[in-house]
Amino acid sequence: MNQNWRDVEIHHYTDFVAFDGIFNGDGMRLYDLHTMDDKQEMTYYLQMLEEAVEKSLESQGKSGLIPQAKQLFETQRTQRRGSTVFAMCFSLNGDDAAQWQRYGGCARGVCIGFDAERFHKLTSQKTILQQVY
(Lines give C-alpha, C1' and ligand atoms only; values in the text may rest on other atoms or scores of the structure.)
Protein backbone atom coordinates (compact mmCIF):
# COMPACT_ATOMS: atom_id res chain seq x y z
CA MET A 1 0.00 0.00 0.00
CA ASN A 2 1.28 3.42 -0.84
CA GLN A 3 -0.02 5.13 2.29
CA ASN A 4 -1.05 4.18 5.80
CA TRP A 5 -4.53 2.65 5.58
CA ARG A 6 -4.59 1.50 9.22
CA ASP A 7 -7.89 2.44 10.90
CA VAL A 8 -9.34 3.68 7.59
CA GLU A 9 -12.72 2.53 6.36
CA ILE A 10 -13.43 2.40 2.63
CA HIS A 11 -16.99 2.29 1.28
CA HIS A 12 -18.58 0.68 -1.75
CA TYR A 13 -21.98 2.01 -2.82
CA THR A 14 -24.27 -0.37 -4.67
CA ASP A 15 -27.90 -1.31 -5.28
CA PHE A 16 -29.73 -4.17 -3.55
CA VAL A 17 -29.40 -6.58 -6.48
CA ALA A 18 -25.59 -6.30 -6.43
CA PHE A 19 -25.58 -6.38 -2.62
CA ASP A 20 -27.51 -9.67 -2.70
CA GLY A 21 -24.98 -11.09 -5.17
CA ILE A 22 -22.03 -9.96 -3.07
CA PHE A 23 -23.29 -11.64 0.08
CA ASN A 24 -24.89 -14.70 -1.44
CA GLY A 25 -22.01 -16.14 -3.39
CA ASP A 26 -21.21 -14.02 -6.44
CA GLY A 27 -18.70 -11.83 -4.59
CA MET A 28 -17.57 -8.40 -5.69
CA ARG A 29 -16.71 -7.78 -9.31
CA LEU A 30 -13.98 -5.87 -11.02
CA TYR A 31 -14.96 -3.73 -13.97
CA ASP A 32 -13.15 -2.93 -17.20
CA LEU A 33 -12.10 0.71 -16.90
CA HIS A 34 -12.75 1.24 -20.60
CA THR A 35 -16.43 0.32 -20.25
CA MET A 36 -17.24 1.97 -16.92
CA ASP A 37 -19.71 4.84 -16.85
CA ASP A 38 -16.87 7.36 -16.76
CA LYS A 39 -14.61 6.48 -19.67
CA GLN A 40 -12.04 9.02 -18.48
CA GLU A 41 -11.32 7.07 -15.29
CA MET A 42 -8.49 5.10 -16.93
CA THR A 43 -6.92 8.26 -18.36
CA TYR A 44 -7.23 9.97 -14.99
CA TYR A 45 -5.76 6.95 -13.18
CA LEU A 46 -2.69 6.89 -15.43
CA GLN A 47 -2.24 10.63 -15.04
CA MET A 48 -2.38 10.32 -11.24
CA LEU A 49 0.06 7.38 -11.34
CA GLU A 50 2.48 9.35 -13.49
CA GLU A 51 2.28 12.33 -11.11
CA ALA A 52 2.89 10.03 -8.12
CA VAL A 53 6.00 8.57 -9.77
CA GLU A 54 7.25 12.07 -10.57
CA LYS A 55 6.74 13.21 -6.95
CA SER A 56 8.48 10.10 -5.67
CA LEU A 57 11.49 10.71 -7.91
CA GLU A 58 11.64 14.34 -6.79
CA SER A 59 11.45 13.39 -3.11
CA GLN A 60 14.29 10.90 -3.61
CA GLY A 61 16.46 13.54 -5.29
CA LYS A 62 16.24 11.78 -8.65
CA SER A 63 14.61 14.53 -10.71
CA GLY A 64 16.93 13.72 -13.60
CA LEU A 65 14.97 10.50 -14.17
CA ILE A 66 11.65 12.30 -14.67
CA PRO A 67 12.02 12.71 -18.48
CA GLN A 68 12.71 8.96 -18.78
CA ALA A 69 9.69 8.17 -16.61
CA LYS A 70 7.48 10.44 -18.72
CA GLN A 71 8.71 8.71 -21.88
CA LEU A 72 8.04 5.31 -20.33
CA PHE A 73 4.46 6.33 -19.48
CA GLU A 74 3.91 7.63 -23.02
CA THR A 75 5.27 4.38 -24.49
CA GLN A 76 3.00 2.35 -22.20
CA ARG A 77 -0.05 4.46 -23.11
CA THR A 78 0.65 3.85 -26.78
CA GLN A 79 1.29 0.12 -26.36
CA ARG A 80 -1.67 -0.44 -24.04
CA ARG A 81 -4.35 1.18 -26.18
CA GLY A 82 -7.15 -1.33 -26.35
CA SER A 83 -5.85 -3.44 -23.46
CA THR A 84 -8.03 -4.22 -20.48
CA VAL A 85 -7.55 -2.93 -16.94
CA PHE A 86 -9.95 -3.87 -14.17
CA ALA A 87 -10.91 -1.84 -11.11
CA MET A 88 -13.33 -1.57 -8.25
CA CYS A 89 -14.07 1.82 -6.78
CA PHE A 90 -14.45 2.82 -3.15
CA SER A 91 -15.01 6.06 -1.30
CA LEU A 92 -13.55 7.32 1.95
CA ASN A 93 -16.90 8.99 2.63
CA GLY A 94 -19.60 6.65 3.92
CA ASP A 95 -22.44 9.09 3.33
CA ASP A 96 -21.92 11.02 0.11
CA ALA A 97 -24.98 12.24 -1.80
CA ALA A 98 -23.29 11.96 -5.21
CA GLN A 99 -22.19 8.38 -4.50
CA TRP A 100 -25.68 7.44 -3.31
CA GLN A 101 -27.22 8.91 -6.46
CA ARG A 102 -24.80 7.39 -8.98
CA TYR A 103 -23.95 4.02 -7.45
CA GLY A 104 -26.29 3.44 -4.50
CA GLY A 105 -29.48 2.72 -6.44
CA CYS A 106 -30.57 6.39 -6.55
CA ALA A 107 -30.23 6.58 -2.76
CA ARG A 108 -32.24 3.38 -2.25
CA GLY A 109 -29.26 1.00 -2.13
CA VAL A 110 -26.56 0.22 0.39
CA CYS A 111 -23.11 1.41 1.33
CA ILE A 112 -20.79 -1.39 2.46
CA GLY A 113 -17.88 -0.42 4.69
CA PHE A 114 -14.55 -2.28 4.72
CA ASP A 115 -11.44 -1.96 6.84
CA ALA A 116 -8.94 -0.84 4.16
CA GLU A 117 -5.92 -2.57 5.66
CA ARG A 118 -7.80 -5.85 6.16
CA PHE A 119 -9.27 -5.64 2.62
CA HIS A 120 -5.76 -5.30 1.22
CA LYS A 121 -4.58 -8.35 3.18
CA LEU A 122 -7.64 -10.44 2.23
CA THR A 123 -6.95 -9.83 -1.45
CA SER A 124 -3.49 -11.36 -1.01
CA GLN A 125 -2.04 -7.86 -1.19
CA LYS A 126 -2.66 -7.81 -4.94
CA THR A 127 -4.71 -4.65 -4.68
CA ILE A 128 -3.53 -1.12 -5.13
CA LEU A 129 -5.35 1.25 -2.81
CA GLN A 130 -4.89 4.70 -4.25
CA GLN A 131 -6.58 7.83 -2.98
CA VAL A 132 -7.75 9.79 -6.03
CA TYR A 133 -9.66 13.04 -5.88
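Leaving aside neighbours within four places in sequence, which residues is H12 in contact with? The partners are M28, M88, C89, F90, V110, C111, I112 and F114, where contact means heavy atoms within 4.5 Å. This is a predicted model, in which local features need pLDDT of at least 70 and side-chain atom pairs count only at pLDDT 80 or more, while totals for chains, interfaces and linings use all residues. Residues are numbered from 1 along each chain as its sequence is written, and side-chain values use heavy atoms, with hydrogens and water left out.

**Overall layout**

- The chain has 5 helices and 4 strands. Both kinds of element are DSSP runs numbered from the N terminus: helices are H or I with at least four residues, and strands are E with at least two.
- Along the sequence, the pattern reads β-α-β-α-α-β-α-β-α.
- Of the 133 residues of the chain, 25% count as buried. Buried means under 20% relative accessible area, exposed means over 50%, and partly exposed lies in between (1.4 Å probe, protein chains only).
- Take the contacts in the chain with a separation of 6 or more: residues 24 or more positions apart account for 78% of them.

**Strands 1 and 4**

- Strand 1 (residues 9-14) and strand 4 run antiparallel and are joined by 6 bridges. Two strands pair if DSSP finds at least two bridges between them.
- T14 stands opposite V110 in strand 4.
- Side chains alternate along strand 4. V110, I112 and F114 point to one face and are buried.
- H12 is found in strand 1. Its relative accessible area is 14%, so H12 is buried.

**The nonpolar core**

- The largest nonpolar core has 8 residues: W5, I10, I22, V110, I112, F114, A116 and F119. Strand 4 (110-115) and helix 5 (116-122) are the elements that give two or more residues to this core. Strand 4 gives the most, with 3 residues.
- A nonpolar core is a set of buried Ala, Val, Leu, Ile, Met, Phe, Trp, Tyr and Cys residues joined through side-chain atoms within 4.5 Å.
- In soluble globular proteins, nonpolar side chains tend to be buried together.

**Helix 1 and its ends**

- D15 caps the N-terminal end of helix 1 (residues 16-23). A side-chain oxygen of D15 lies 3.2 Å from the backbone nitrogen of V17.
- G25 follows helix 1 and has a positive phi, near 115 degrees.

- The structure holds 2 salt bridges. A salt bridge is a side-chain nitrogen of Lys or Arg within 4 Å of a carboxyl oxygen of Asp or Glu.
- E50 forms a salt bridge with K70, with the closest N and O atoms 3.8 Å apart. E50 lies in helix 2 (residues 41-59) and K70 in helix 3 (residues 66-80), so the pair ties together parts that are 20 residues apart in sequence.
- E54 and K70 also meet through their side chains in a salt bridge (3.2 Å, N to O). E54 lies in helix 2 and K70 in helix 3, so this pair ties together parts 16 residues apart in sequence.
- Shared partners join E50, E54 and K70 into one network.
- E50 is buried at 14% relative accessibility. K70 is partly exposed at 38%, and E54 is partly exposed at 25%.

**L46 in helix 2**

- L46 has its place in helix 2 and is partly exposed, at 21% relative accessibility.
- Not counting residues up to four places away in sequence, L46 touches F73 and R77.
- L46 and Q76 are 30 residues apart along the chain, and their C-alpha atoms are separated by 9.9 Å.

**Cysteines**

- A search of the whole structure finds 0 disulfides. The criterion is a pair of cysteine sulfur atoms within 2.5 Å.
- C106 is partly exposed, with a relative accessible area of 39%. C111 is partly exposed at 23%.
- C89 lies in the loop between strand 3 (86-87) and helix 4 (97-103). At 40% relative accessibility, C89 is partly exposed.
- C89 and Y13 are 76 residues apart in sequence and 8.8 Å apart in space, C-alpha to C-alpha.

Definitions and conventions. A polar contact is a pair of N or O atoms within 3.5 Å; within protein, one must be able to donate a hydrogen and the other to accept it, and residues adjacent in sequence count only if both atoms are side-chain atoms.
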